[in-house]
Amino acid sequence: MRLAISSVLLGLWAGSATALDLGVTWLHRAVPPPPVLSNLDPVPEDLGRAGAELGLRDNATTGQFLGHAYTLAESEVPEDGDILAVARDALAQSPFLIVDAPAADLLAIAGLPEAEGALIFNASAPETALRSGDCRANVLHTLPSRAMLADALMQGLASKRWTDLALVTGPRAGDHAWAEAMKASAAKFRLRARGEAVWDEEADMRRNAAQEVPLFTQGFRDHDVLLVADEAHDFARYIAYNTWLPRPVAGSAGMMPAAWSRVVEQWGAAQLQSRFEDLAGRPMQDRDYAAWAAFRALGEAVTRTGSADPATLRSYMLGPDFELAGFKGSPLSFRPWNGQLRQPIPLVTDQAVVAVAPMEGFLHQGNELDTLGLDRPDSACTAFD
Amino acid sequence: MTRCLTALCLILGLPAFAGGEIWVTNEKDDTISVIDIDSLEVTRTIPTGERPRGITFSHDYSRVYICASDSDTVQVMDPETGEILHDLPSGEDPEQFVLHPDDRHLWIANEDDAVTTVVDTESRTVIAQINVGIEPEGMAVNEAGSIVITTSETTNMAHWIDTATHEIIANTLVDSRPRHAEFVKDDTELWVSSEIGGTVTVFGTESQEERAKITFEIQGVHPDRIQPVGFEFTPDGKTAFVALGPANHVAVVNAETYEVEEYILTGRRVWHMAFSPDHAQLFTTNGVSGDVTVIDVASRKPLKSIKVGRFPWGAAMRPGAS
């Protein structure tokens, strides 16, 4: 049998002319990570950026068959730099931004007159408020919110019937926000609080965790799991096996909810991991994944619509036909009420995936992924109406 | 496995075979489990290279080709002795392949490299490498041998490759994460399964235009868990069996109306399938439960589960002595 190949097809596929160009800027404020006790896990210099670069490669490979070209510009702003000036320049070039910067920067950028009609991806700020009262119509979120992470963890604990929880919170603002998210979620899933304390030890835990931690955890009423809120991964790693009662640790050590982790290898994730390792020479982390997902979501929308118009792409991404294969076992899509990327959340240790939320039995009338984080009635966001 | 149609043509032209075997690759055990079709028991476990996935026999069944993905090679084995005769160059991370009707050229999807590699099994050399989309996996060749399909999982396309020129002549978009492809109905249709999209797309091969899209719905199973992967057709081309991955069911599809007639329960994460030589039974690999479900084709009921190695993936039939 011979296949008829129309000249139209040949012209379209074999031609080298580019039908469509899509430029994206990865915009980063270089906030130095807080000092931590352990030297084992330095924050990579290219955290986030490497994910955007992999997204570029993945999109470009697909685009070559469709005559779609993609480019990535990278802008790094120092801690005291003027990120709005850089954002204005970037928006003058292209309406597509992937932002890896604190929430205040993100909101300021989204509020620029130049950002009207732009499409901005939040790939680093976990604040739940950005998906609620502080949402913006031109901002989509590919990183899970703290509420999503907390719900994933609490579903995991609830499905194990580990219902009684004690909580240790670190001293930093992020630790408190993470602790509040876990407490709210524990209440939502009817888990019981059995005591909490703020970690304010100045000690170097590498030397004397064995003395400090038993005393510190002795005061809690009996509990099934000890939660630790320590977003910078400063002291949490020294808690496990040093507690007064023999209890598993979860939250920021032990079993942790994560947007992404090197231990995720099912659902074809091994291929994503190895592509990333080849590119960056290190394992992929959550902010890398969020930046990759942002660029891939754009690429998927371009592939399906054949358009580079931000309004067309935004409306396709928020619509029912959009789905992104995110290597987490279920198709990813955006919540039309607040622009958050729906996604399964693996619960991981340093060595393995323990479970993946949503856990079986946590049902939802629409999409079970919406049992994680702000469901439509929970979100105060009105910018998407 | 993907060339079972060609294999069938051969078998059907010969006197009926007694018995026969189903060969299953165990991705995480680096072995093949050989199931005897008469006794429905594993009679041999054969070591392979690392992470064996795609498996297919030469037309005379004197050799079996195995994609040893993590060993970056295609192994050629003597099915009588289980001995590796030699390795073929395959490009990096060969996942799935298809044997051309000429019985000589293997077309291999290199998952990590975004290329399709063409290997001459006689001279043991690479003839060509063709750039395709990201994570190529599904491979199909038409009966005429003129077109090979590679599907790429992350690019979400079927790439149509002219076997004479080794050039891509068309790219057709499908739903997310295409996994498996087959030419059917005398090369007039191409079927492509999309794992994350949850669909099977049917193309007319003349126009390369979408003719139908098959969707699945199982009561009590969340739509996201319905992930079509491997599929096989009855010899008359009228019925397709579609493995639905973590939905733990195989769908029976009427290939003329494109409607699902029935769902058959299997083990967990059902991947690929092979028929017995008489097509009375269908064997499915179930990755997560580590077993093979035997389905009675006439009654469309599961008959038995057979424990094999860890993460069984590919399946291929070897007929018994005639």
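1. A quick word on terms before anything else: a residue is called buried under 20% relative accessible area, exposed over 50%, and partly exposed in between. Keep in mind, too, that this is a predicted model. With those cut-offs, Glu53(A), at 25% relative accessibility, comes out as partly exposed.

2. Staying with Glu53(A): its salt-bridge partner is Arg49(A), and the closest N and O atoms are 3.7 Å apart. Both residues sit in helix α2 of chain A, four residues apart, which is about one turn of the helix. Arg49(A) is partly exposed as well, its relative accessible area being 22%.

3. How many salt bridges does the structure hold over all chains? The count is 46. One of them pairs Asp151(A) with Lys188(A), where the closest N and O atoms are 2.7 Å apart. Asp151(A) belongs to helix α5 (residues 146-160) and Lys188(A) to helix α6 (residues 173-188) of chain A, so this pair ties together parts that are 37 residues apart in sequence. Have a look at the two ends: Asp151(A) counts as buried at 3% relative accessibility, whereas Lys188(A) is partly exposed at 42%.

4. Glu111(B) pairs with Arg53(B), the closest N and O atoms being 3.1 Å apart. Glu111(B) is in the loop between β9 (105-110) and β10 (115-120) of chain B, while Arg53(B) is in strand β4 (residues 52-57), so the pair ties together parts that are 58 residues apart in sequence. Are the two partners buried or exposed? Glu111(B) counts as buried at 2% relative accessibility, and Arg53(B) counts as buried at 2% as well.

5. Now the interface. The contact between the chains takes 34 residues from chain A and 39 residues from chain B. About 3,000 Å² is buried between chain A and chain B, and carbon and sulfur atoms give 53% of that area. The rule finds one salt bridge across this interface: Glu135(B) with Arg275(A), whose closest N and O atoms are 2.3 Å apart. Polar contacts across the interface come to eight residue pairs, counting those with both residues at pLDDT 80 or more.

6. Which elements of chain A supply at least two residues each to the side that touches chain B? They are α1 (7-14), α2 (49-63), α8 (269-280) and α9 (286-305). By class, that side of chain A has 14 nonpolar, eleven polar and nine charged residues.

7. On to the aromatics. A search of the whole structure gives 19 aromatic pairs over all chains. Take Trp292(A) and Phe327(A): their ring centres are 5.8 Å apart and their planes at 50°, so the pair is tilted. Trp292(A) is in helix α9 of chain A and Phe327(A) in the loop between β11 (324-325) and β12 (331-334), so the pair ties together parts that are 35 residues apart in sequence. Trp292(A) is buried, with a relative accessible area of 0%, and Phe327(A) counts as buried at 4%. These two also form one aromatic cluster with Trp260(A) and Tyr289(A).

8. Last one: Pro331(A), in strand β12 of chain A. Pro331(A) counts as buried, at 11% relative accessibility. What is Pro331(A) in contact with, leaving aside its neighbours within four places in sequence? In chain A the partners are Glu323(A), Leu324(A) and Leu369(A), and in chain B they are Ile196(B) and Asp224(B). The C-alpha atoms of Pro331(A) and Gly366(A), 35 residues apart along the chain, are separated by 14 Å.

Conventions
Residues are numbered from 1 along each chain as its sequence is written. Chains are lettered from A and ligands numbered from 1 in the order in which they are written. This is a predicted model: local features need pLDDT of at least 70, side-chain atom pairs count only at pLDDT 80 or more; totals for chains, interfaces and linings use all residues. Side-chain values use heavy atoms; hydrogens and water are left out. Contact means heavy atoms within 4.5 Å. Buried area is the accessible area (1.4 Å probe) that two parts lose on being put together, summed over both. A salt bridge is a side-chain nitrogen of Lys or Arg within 4 Å of a carboxyl oxygen of Asp or Glu. A polar contact is a pair of N or O atoms within 3.5 Å; within protein, one must be able to donate a hydrogen and the other to accept it, and residues adjacent in sequence count only if both atoms are side-chain atoms. Ala, Val, Leu, Ile, Met, Phe, Trp, Tyr, Cys and Pro count as nonpolar, Asp, Glu, Lys and Arg as charged, and the others, Gly among them, as polar. Rings of Phe, Tyr and Trp (its six-membered ring) pair if their centres lie within 6.5 Å; planes under 30 degrees apart count as stacked, over 60 as edge-to-face and the rest as tilted. Buried means under 20% relative accessible area, exposed over 50%, partly exposed in between (1.4 Å probe, protein chains only).
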